[in-house]
Amino acid sequence: MFTEDIKILMASGSVKNISEIKAGDWVKTISGDKKVISVSQGKDFFSKFILSDGSKFLVSDAQKFLTPEKTWISVSKINEGTLLRLPGNNSVKVIDITSIQSMEGYNLVVEDDGSYIISNGLSCK
């Protein structure tokens, strides 16, 4: 889950807040453009991430990101110094993680592998 203001890369190349995405919308994924099956909303524990490219966002402990080795790692297993995969075999380093209280968040259920891409290029599911 992400907070309502995280930007998701849409199939059209535009970005949209996750809270504005609806079932039937199309998003970019690691395997091409895919349809959003549903959008879930709930409460979870969140962490604030700061990455070496300057990106900052809040993400729930249950979220997963793609690593340079093309494996999925859950937020609860990510430490400062962990590398996360970006497009074109590039990567970005996690430079700071701070635990935040429980809060409301959104997640997308996407067809096939369930992945989607946030605006800085990170693949998640």
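How many residues lie between β4 and β5 in their hairpin? The views below are taken from a predicted model, in which local features need pLDDT of at least 70, side-chain atom pairs count only at pLDDT 80 or more, and totals for chains, interfaces and linings use all residues. Residues are numbered from 1 along each chain as its sequence is written, and side-chain values use heavy atoms, with hydrogens and water left out.

**View A. The hairpin of β4 and β5.** The hairpin has 4 residues between its strands, and Gly54 in the turn has a positive phi of about 95 degrees. Strands β4 (residues 32-51) and β5 (residues 56-60) run antiparallel and are joined by 5 bridges. Strands are DSSP runs (E, at least two residues), numbered from the N terminus; two of them pair if DSSP finds at least two bridges between them. Phe49 stands opposite Phe57 in β5.

View B. Thr29 counts as buried because its relative accessibility is 7% (buried, under 20% relative accessible area; exposed, over 50%; partly exposed, in between; 1.4 Å probe, protein chains only). The Thr29 side chain reaches the backbone nitrogen of Ser31 at 3.1 Å and the backbone oxygen of Gly32 at 2.5 Å. Beyond its neighbours within four places in sequence, Thr29 is in contact (heavy atoms within 4.5 Å) with Lys34, Val110, Ser115, Tyr116 and Ile117.

View C. With 36% relative accessibility, Asp33 counts as partly exposed. Neighbours within four places in sequence aside, Asp33 is in contact with Ala11, Trp26, Val27 and Lys28. The C-alpha atoms of Asp33 and Glu104 are 27 Å apart in space.

Terms used:
A polar contact is a pair of N or O atoms within 3.5 Å; within protein, one must be able to donate a hydrogen and the other to accept it, and residues adjacent in sequence count only if both atoms are side-chain atoms.
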